[in-house]
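Subject: Handing over the two-chain model

Dear colleague,

I am passing on the structure we spoke about, and you will find it directly below. My notes on what was found in it follow, arranged by chain and then by the contact.

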Amino acid sequence: MSRPASPVRATVALAALEMRLTARRGENVLVTLVIPPAVLVFFATVGIVPGIAGRPVDFFLPGTLALAVIASGLVSLGIATAYERGYGVLKRLGGSPLPRWGLVAAKLAAVLALELLQMALLLVVAMTVLGWRAPTGTSIPIFAAALLSGTLAFAGLGLLLAGTLRAEATLALANGLFLLFLMVGGVVLPVDRLPAPLDALAAVLPAAALADAFRSALGSGQNPAGSLLVLGVWGAATAGLAIRTFRWE
Amino acid sequence: MTPSIALEGVVKRYGSRTVLDGVSLAVRPGELVALLGPNGAGKTTAVEILEGYRTADGGVVRVLGEDPRHGGPALKARVGMMLQDGGLDPRSTPGDVLRLYARFHEGAREPDKLLESVGLATVARTRVRRLSGGERQRLALALALVGDPEVLLLDEPTAGMDPEARRTTRALIGGLRAEGRAILLTTHDLGDVERLADRVAILHGGRIVAGGTPAELAAGAMPRLRFRLARALDPVELTGLGAALAVTASGATLVAEPGEAPGAFRVEGAAPDPALLAALATWCAGARIQIAILWATAATLEERYLELTGDRHVEAVE
């Protein structure tokens with residue numbers, strides 16, 4: 001009699017294929033691995049952004065780390081999942097012995113693996129091209145908390161779009177939000193330099209909170225609790241809504 | 001023997017539209033049942049209820065004795081399903097997908113051998129988006145088989161395949177039935193039905209309107225008078241012959257035999273009794289046209305199907 005494999009083995013197999021498929025999507029590679037380092041190098045070297053205290057790289061590196069998480073969780077995961085839903089891939093997987101939590105876990109594992117690659121790439125670029133060195137006060141636990149809570153918030157948002165909208169609508173909206181977060185999310189412009197009411201809006205968006213959490217992790221001295229709380233609320237809200245509204249076909 | 005697949009009085013509604021209206025059918029181990037019906041008849045809905053994708057609004061649904069909505073991974077491992085839309089990522093390759101699904105099962109079939117048996121070994125590393133429609137169908141079939149299931153639910157398994165691929169696929173499905181698996185397939189292709197099915201259920205308007213072996217089903221239809229004249233008829237002659245037959249047997253309709261010589265016809269809607277034969281002979285004598293061949297035959301499965309459903313889009317037996 002045919003029996004299901006262990007769900008862990010099945011989940012690991014799907015996560016591995018998810019990673020390979022992500023690498024085959026040229027637009028994913030562009031938005032996740034090319035744009036964040038390009039934004040970092042450009043803004044940290046041209047010096048066109050006013051109001052930045054200290055070395056530009058100390059401001060832009062946490063911002064582009066946040067941008068990398070947005071690119072992986074919202075843009076890459078959201079768009080790929082929406083198209084998978086359109087192609088019937090999720091429906092087909094739903095008929096297999098893989099439990100649904102295994103599918104979600106595989107997707108999140110693939111996103112986290114991609115993010116670790118992005119983090120490594122950004123840190124290497126920052127160190128080799130911009131001469132950045134980890135300052136005293138750098139906290140790996142805060143960094144990990146920022147990464148995980150940011151991933152939950154943006155992956156939740158990506159899956160919320162993917163599970164409710166058509167693939168083309170998800171594509172457009174995810175890219176639009178990416179641009180919005182780039183401009184008003186504390187990534188390339190300090191939130192306190194934005195005009196009202198954009199500054200108030202930016203303060204409650206998850207992008208600015210994630211960028212600030214990364215700044216705290218990289219020794220800004222700022223208490224990360226507020227930022228992590230904002231990210232936690234966004235994560236709970238988007239993931240909770242995604243679970244309630246997700247349509248598999 | 002307990003059926004592996006059972007629908008009993010199943011009802012399914014979408015809003016105010018009743019798609020399945022008391023559908024019952026059963027498939028036992030080693031049996032292949034074809035669910036035949038026009039587009040929109042509810043075939044896919046019935047299969048998707050068995051796959052656990054949809055919930056019936058009434059009736060009883062059992063697959064291997066369990067309700068497919070609540071069967072979980074243990075039941076899903078024992079059921080192989082082939083969806084009509086494939087469910088394939090265009091960036092994946094047949095090798096990727098089959099190895100992935102093999103990892104979902106204990107004791108799965110060896111993916112490379114399976115690719116070979118469905119004729120996809122040469123495209124194992126080709127992206128799905130570059131595969132032909134028939135190749136995607138064969139990959140979807142391989143996905144249904146990779147877990148070595150006891151039950152197979154195949155939605156239009158030979159759709160879009162070229163004749164050679166259809167032959168290979170039918171041989172493969174026939175072999176699976178011989179191994180004792182229970183198979184339910186939906187199809188538009190009467191070739192699938194005549195070559196594979198132990199039993200047929202014709203679904204029309206949400207109900208099973210006829211069922212039985214293909215031979216029993218065809219035998220249920222009225223025999224046809226068929227003939228071939230020595231030459232083709234002009235439009236005036238055609239109208240005249242049609243009227244002469246209709247006067248003798250009300251409801252008789254003259255139909256040109258598709259794919260035959262221009263003078264080949266059959267008479268629908270009337271039994272080939274002596275009065276009809278006499279009317280044909282009298283008209284031919286008057287028109288001085290010889291009858292080259294004349295015979296009365298049982299209806300084909302296709303004709304019976306058309307009688308029951310009026311579906312003209314069915315694929316005839318090759």
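What was found

In chain B, the centres of domain 1 and domain 2, taken over C-alpha atoms, are separated by 42 Å. Please keep in mind throughout that this is a predicted model. The division of chain B behind that distance places domain 1 at residues 5-219 and domain 2 at residues 224-297.

Chain B as a whole contains 11 helices and 14 strands, and its C-alpha trace spans about 75 × 45 × 35 Å along the principal axes. Of the 318 residues in chain B, 44% are buried, and among the contacts in chain B with a separation of 6 or more, 69% are accounted for by residues 24 or more positions apart.

Strand β1 of chain B (residues 5-14) takes part in two of the pairings I would like to point out. With strand β2 of chain B (residues 17-27), β1(B) runs antiparallel and is joined by 8 bridges, and within this pairing V11(B) has D21(B) in β2(B) as its bridge partner. The hairpin that β1(B) and β2(B) form has 2 residues between the strands, and G15(B) adopts a positive phi near 65° there. With strand β4 of chain B (residues 58-63), β1(B) pairs in the antiparallel sense over 5 bridges, and I5(B) is found opposite V63(B) in β4(B).

Helix α5 of chain B (residues 133-145) deserves a separate paragraph. Its 13 residues should span 18 Å at 1.5 Å a residue, and because the end C-alpha atoms lie 19 Å apart, the two values agree. How much of α5(B) is buried? The count is 11 of the 13 residues, so α5(B) is largely enclosed by the rest of the structure. The buried residues run from E135(B), R136(B), Q137(B) and R138(B) through L139(B), A140(B), L141(B) and A142(B) to L143(B), A144(B) and L145(B). Among the elements of chain B that cover these residues are the strands β5 (79-82) and β7 (151-155), together with the helices α3 (94-102), α4 (111-117) and α6 (163-178).

Buried residues make up 50% of the 249 residues of chain A, and residues 24 or more positions apart account for 79% of the contacts in chain A with a separation of 6 or more.

Finally, there is the contact between the chains, to which chain B contributes 29 residues and chain A contributes 24 residues. On the side of chain B that touches chain A, at least two residues each come from α2 (72-76), α3 and β6 (105-106) of chain B, and the residues of that side divide into 12 nonpolar, 6 polar and 11 charged.

With best regards

Key. Residues numbered from 1 in each chain as written. Chains lettered and ligands numbered in written order. Predicted model: local features only at pLDDT ≥ 70, side-chain atom pairs only at ≥ 80, totals over all residues. Helix = DSSP H or I, 4+ residues; strand = E, 2+ residues; numbered from the N terminus. Expected span 1.5 Å × (residues − 1). Buried ≥ 20, exposed ≤ 12 C-beta atoms within 10 Å, placed from the backbone. Contact = placed C-beta atoms within 7 Å. Domains from an automatic or database assignment. Nonpolar A, V, L, I, M, F, W, Y, C, P; charged D, E, K, R; others polar. Pairing = 2+ DSSP bridges.
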